[in-house]
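Please read them with the model open.

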Amino acid sequence: MQSRRTILRAGAGLALTATAVGVGTLPVFADATGSGTGWAGLAARIQGDIVLPVDPGYNAAKELQIAAFDAVHPQAIAYPETPQDVQALVNYARNNGISVRVRSGGHNFNGWSTGEGLVIDTSRLNHATVGTSTVKIGPGLQSIDALHALAPYNKQVIAGTCPTVAPGGFISGGGIGFQTRKFGLGSDRLRSAQIVLADGRLIRASETSYSDLFWALRGSGGGNFGVVTEFEVAPIDQPRMVFFSTMWAWDKAEQVFAAWQTWQLNASVNLGSALIYNLPDAAPGNVPMVIITGGYHGPESEAQAALAQLTSLVGAQPTSTFASDLPYADAMKTAYGCGDLTQEQCHREGTGAEAHLHRTAFQRDAYRMFNQPFTPTQISTVLSTLDSNRVAGQRRVVHCMAVGGNANNVSPTATAYVHRQANFVIGYVGQLDAPTPESEAAASAFVQTGADVLNPISNGAYVNFPGSSLPDWATQYYGDNYLRLKKVKKAYDPNNFFRHPRSIGSLGQ
Ligand SMILES: Cc1cc2nc3c(=O)[nH]c(=O)nc-3n(C[C@H](O)[C@H](O)[C@H](O)COP(=O)(O)OP(=O)(O)OC[C@H]3O[C@@H](n4cnc5c(N)ncnc54)[C@H](O)[C@@H]3O)c2cc1C
């Protein structure tokens with residue numbers, strides 16, 4: 001059972017509706033004074049809540065976006081409501097030898113935000129405080145809620161294409177959206193971050209204070225250095241956006257790929273887009289959809305001219321085109337597929353009474369970064385891999401996002417995000433609605449075949465799209481910045497308290 005709670009943050013002037021999983025089903029602790037030990041004593045010492053396996057709300061509380069990680073059973077899931085709560089949780093876990101995973105939106109492809117110890121879920125730290133030149137946002141403020149909170153102020157923050165991703169992971173790992181070519185990565189706009197360290201200290205890192213940690217927090221990925229309790233970011237000034245979506249015939253799939261690359265490489269930074277080959281059921285005979293969708297951050301006439309140029313580059317008309325100049329929040333809601341939903345509905349099922357969005361039962365990914373456009377032969381191989389060895393019931397996607405633009409006007413060593421020459425993020429995704437051991441093996445094999453196609457021509461990998469298998473991940477994610485990241489890790493978390501299977505320093509090097 002879930003309950004909902006409206007959190008009003010003093011001074012923020014903004015009321016955000018937060019989703020509080022399992023709050024109505026907490027155990028009654030005997031130790032109300034907080035003087036006791038154990039989870040009960042800890043629960044009494046914090047403003048937030050702790051959900052234990054005995055609680056009816058536990059199964060919902062441990063859910064991530066990908067249901068395969070339901071198999072992980074944390075000892076406890078805590079919902080801190082203040083940075084001091086987070087300090088108490090970190091101190092308790094450290095003193096009792098309990099491992100910690102940090103969670104915000106729960107979208108990590110590899111389940112790094114859950115584990116068998118304590119999960120610190122920062123979803124209730126979801127405030128948005130609008131200042132004169134910056135906006136302070138909680139790590140748990142999901143993209144859809146940020147849109148609604150900031151729209152009245154005509155300010156927005158960089159967000160990706162999923163409404164329920166949260167800054168806790170998104171900004172920490174970089175953060176790519178349709179806005180990135182114009183306004184940079186989410187992490188490029190970070191001005192300071194408040195964070196609870198492994199020793200329990202609450203500090204604020206910025207260019208002038210704890211600057212080495214501030215460098216690391218911009219692109220190294222979450223779960224490495226502490227629990228971020230607030231991000232201060234420079235908002236983007238973009239009151240409107242032209243959202244567009246075009247579809248193309250499968251028999252033009254290769255021309256569309258080549259045209260999209262050329263189009264994006266020569267485009268104004270106002271243009272951000274994704275090319276998606278989507279095969280919802282890979283049963284033999286089904287035809288993949290070919291979609292180019294995105295946002296234009298400028299006048300509609302320019303967007304229409306750009307779309308006409310795309311058609312000319314493809315050499316064929318799209319089978320359908322939608323383009324609309326909308327207030328920014330409406331444009332992004334449409335991009336999220338939430339155009340017809342309320343804010344409440346545009347959340348993951350199980351996190352609120354009205355939440356509509358589905359979880360993914362099983363998913364495997366192989367994304368890589370690319371500096372150069374693919375050659376015609378490479379395009380042909382990428383698409384034939386999508387199309388061959390069909391398996392009914394498997395959802396297959398080739399997902400290509402344009403990056404670059406102003407995000408590449410930054411030195412690779414200026415922040416932890418190293419991929420400043422990349423122009424494309426391209427990946428294979430395999431998903432299942434009803435996984436069985438056999439279908440999981442087949443989906444994994446499909447994605448591994450995709451990885452084998454991409455690996456020889458790639459220039460690295462994006463830590464926010466962690467591949468299912470990536471043996472040389474430290475080099476792929478961080479390049480030459482890894483050495484410096486390890487030094488920062490040693491300085492701030494010498495005992496490797498914050499860790500997951502691919503955390504900084506976990507290679508033992
Ligand atoms: C459907 C979907 C669409 C996506 N679209 C995009 C996109 O368009 N652009 C893009 O760039 N990315 C995209 N992503 C990837 C997304 O940015 C990452 O998965 C991101 O890390 C998710 O953050 P989260 O807080 O929602 O997830 P979580 O799983 O909660 O966290 C991700 C990582 O960050 C850590 N973490 C979480 N909160 C904190 C915190 N408060 N302090 C420190 N560490 C923390 C976790 O331990 C974990 O390692 C998408 C993912 C999905 C599933």
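The points below take the ligand site, then a pocket, then a cavity.

1. Basis. This is a predicted model, where local features need pLDDT of at least 70, side-chain atom pairs count only at pLDDT 80 or more, and totals for chains, interfaces and linings use all residues. Residues are numbered from 1 along each chain as its sequence is written, and side-chain values use heavy atoms, with hydrogens and water left out.

2. Ligand shell. There are 31 residues around the ligand (near means a heavy atom within 4 Å). Val102, Ser104, Ser113, Ile176 and Tyr462 come nearest. By class, the shell has 14 nonpolar residues, 16 polar and one charged. Here Ala, Val, Leu, Ile, Met, Phe, Trp, Tyr, Cys and Pro count as nonpolar, Asp, Glu, Lys and Arg as charged, and the others, Gly among them, as polar.

3. Elements at the ligand. Strand S5 (100-103), helix H5 (167-173) and strand S11 (227-233) each supply at least two shell residues. H5 gives the most, with three. Helices (H or I, at least four residues) and strands (E, at least two) are DSSP runs, numbered from the N terminus.

4. A ligand oxygen sits 2.6 Å from a polar backbone atom of Val102. An oxygen atom of the ligand is also 2.6 Å from a side-chain N or O atom of Ser113. A ligand nitrogen lies 3.0 Å from a polar backbone atom of Gly223. Taken alone, the ligand exposes 950 Å², and the protein buries 93% of that (Shrake-Rupley method, 1.4 Å probe).

5. Second largest pocket. Its volume is about 210 Å³. The lining has 14 residues, with Pro412, Val418, His419, Arg420 and Asn459 nearest the centre. Three are nonpolar, nine polar and two charged. Domain 2 (128-237 + 479-492) and domain 3 (240-476) each give at least three lining residues; the bounds come from an automatic or database domain assignment. On a 1 Å grid over the protein atoms alone, a pocket is an open set of points with protein on both sides within 12 Å along at least five of seven lines, while in a cavity a 1.4 Å probe fits but cannot get out; lining residues have an atom within 4 Å of a point. Grid points are joined across faces, edges and corners, and a volume is the space filled by probe spheres set on them.

6. Second largest cavity. The structure holds five cavities of 30 Å³ or more. Of its 21 lining residues, Ile137, Val157, Ile158, Ala159 and Phe170 are closest to the centre. The lining divides into 16 nonpolar, four polar and one charged. Domains 2 and 3 both give residues to this lining, so the cavity lies between them.

Key
A polar contact is a pair of N or O atoms within 3.5 Å; within protein, one must be able to donate a hydrogen and the other to accept it, and residues adjacent in sequence count only if both atoms are side-chain atoms.
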